[in-house]
Amino acid sequence: MKKITVILLIFSTLYVSAQDTLRDDARVRRNVSIVLGTEAALYAASMTGLYFAWYADYPQSKFHFYNDNGEWLQMDKIGHGTTSYLVGLYGYELLRHAGLDERRSIWFGGTLGLIFLTSVEVFDGFSDGWGFSWGDMAANTLGSAMFIGQQLLWHEQRVTLKYSFHTTEFPDYRPDLLGSNLIQQTIKDYNGQTYWASFNIKSLFLNKESKFPAWLNIAVGYGATGMTGAFDNTLEHNGEPIPHYDRVRQLYLSPDIDFTRIPTNNKFLKYTFKVLNIFKMPLPAIEYNSKGDFAWHWIYF
C-alpha cells in the first residue's frame, strides 16, 4: 500500500499544480479538473489492480535491481519506449481537448507514460522474481522525451512510434511464456511484434505549399524472431521437445499512413483516426535481418 500511496501523492501534486496555473476560465477549469481527476483515479485503480492481479501472488523482497538488458533481443525495451511515448501522447491530447494550454499539456500529459511505467518498475523492484531495471527506465524516459521534444520543437509529432503484430508458431511450444490465446500473444509474444518509427514525409522534408499527400509516411520497423526464451532458447519444455531456432533481428522499411493528417470535420472520425494511429498499417515491406538476408513482404503486419 505504500507504493499506491506514493502514486496517489504524485498525481495529487500534478492535479493541484495544474489547477493553480489554468487560465481564468470556469469551463476550462471544470474540464481539466475532470480529465486530471479521472486520470488520477484510473491510474490508482490500475496500479492497485496490477498489484493484486500480478504481484501479490509472488514472493516479495527488499528493493533490488535486475539487469534484463539482454532479454528478447531488446524487443521489450523498444516496447517500453513506445508505450511511454503513446501514453504521453494521449495524455497530452486529453488535456488539450479539455482546454489546458499547450506548454502545460505537454508537461502534465507528456510525462504520464513515464510516471505510469516508473511505478511498474517500483513494483518489479520489490518482487523477488524481477527487479528494478535501469534499462527499462532508460527506454521509458526516451519514449516520453521523444514525444515532449517534438511537441516543444514543432508543436506536432513528425515522427510517430507505432506497433504491429502477427501470429507466430512459437507460443505453441511456450504458451506459459508467450501466451495461450491471441490477446495474451499480442502482449507476450515478442516474435510477432514489430515496433515502428513512422516519419511524416511532408512535414519533415517538404514545404507547406507542396501538394504531396500530408498523410503519407515512411516507416522503419524493428522486430525479432526465433525466441523461445528470454535470454536464450530452450530445447524442451515440460518434457516436450522444442525445435532449434536461430534468434534473428529484423529491420523493415515500409510506407505508412498518418491518420491524424487525413482532413475531416467529423469528430467521430477524428477520434477514430487518433486511435488507429497507434498501429502501423499493413502494407508492403522490405526486410533485412541479422543473417544478412533480404526478404519482400507483399503485406506485412
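Mentor: Let's start with a word we'll need: a residue is buried when its relative accessible area is under 20%. Of the 301 residues in this predicted model, 45% count as buried.

Trainee: What makes aspartate 101 buried or exposed?

Mentor: Its relative accessible area is 17%. The cut-off for buried is under 20%, so aspartate 101 is buried.

Trainee: And why is arginine 104 called partly exposed?

Mentor: Arginine 104 comes out at 21%.

Trainee: What makes aspartate 246 and lysine 291 a salt bridge?

Mentor: N to O is 3.2 Å there, and the limit is 4 Å, so the pair counts. The two sit 45 residues apart, aspartate 246 in the loop between β5 and β6, lysine 291 in the loop between β7 and β8, and the pair links distant parts of the chain.

Trainee: Which exposure classes do those two get, and why?

Mentor: Aspartate 246 has 40%, so it is partly exposed. Lysine 291 has 52%, and exposed means over 50%, so lysine 291 is exposed.

Trainee: What about aspartate 258, buried or exposed?

Mentor: Aspartate 258 is at 2%, so it counts as buried. Arginine 261 forms a salt bridge with aspartate 258, with the closest N and O atoms 3.0 Å apart.

Trainee: How do you know whether the span of helix α6 agrees with its number of residues?

Mentor: α6 covers residues 134-154, 21 residues, and at 1.5 Å a residue it should span 30 Å. Its end C-alpha atoms are 30 Å apart, so the two agree.

Trainee: Which elements do the buried residues of α6 pack against?

Mentor: They pack against α3, α4, α5 and β1. Among the buried residues of α6 are Met137, Ala139, Phe147 and Ile148.

Trainee: What happens at the start of α6?

Mentor: A side-chain oxygen of serine 133 comes within 3.3 Å of the backbone nitrogen of glycine 135. After α6 comes histidine 155, with a positive phi near 60°.

Trainee: Why is glutamine 193 called buried?

Mentor: Its relative accessible area is 2%, so it falls in that class. Glutamine 193 lies in strand β2, and it touches residues including Met75, Tyr163, Phe165 and Tyr222.

Trainee: What makes the meeting of the glutamine 193 and tyrosine 195 side chains a polar contact?

Mentor: They come to 2.6 Å, and the limit for such N or O pairs is 3.5 Å, so it counts. The glutamine 193 side chain also reaches the backbone oxygen of threonine 186, at 3.1 Å.

Trainee: How do you know how the chain's radius of gyration compares with a compact globule?

Mentor: With 301 residues the globule rule gives a value near 19 Å; the chain has 21 Å, so it agrees.

Trainee: And which stretch has a pLDDT below 50?

Mentor: The chain averages 89, with 91% of residues at 70 or more. Over residues 1-23, though, the pLDDT is below 50. Where pLDDT is low, the predicted coordinates should not be read in detail.

Note on methods:
Residues numbered from 1 in each chain as written. Predicted model: local features only at pLDDT ≥ 70, side-chain atom pairs only at ≥ 80, totals over all residues. Heavy atoms only, no water. pLDDT = per-residue confidence, 0-100. Contact = heavy atoms within 4.5 Å. Buried < 20%, exposed > 50% of the residue type's maximum accessible area, 1.4 Å probe, protein only. Salt bridge = Lys/Arg side-chain N within 4 Å of Asp/Glu carboxyl O. Helix = DSSP H or I, 4+ residues; strand = E, 2+ residues; numbered from the N terminus. Expected span 1.5 Å × (residues − 1). Polar contact = N/O pair within 3.5 Å; in protein donor to acceptor, adjacent residues only side chain to side chain. Rg over C-alpha atoms; globule rule 2.2 N^0.38 Å. Lists of a residue's contacts leave out its neighbours within four places in sequence.
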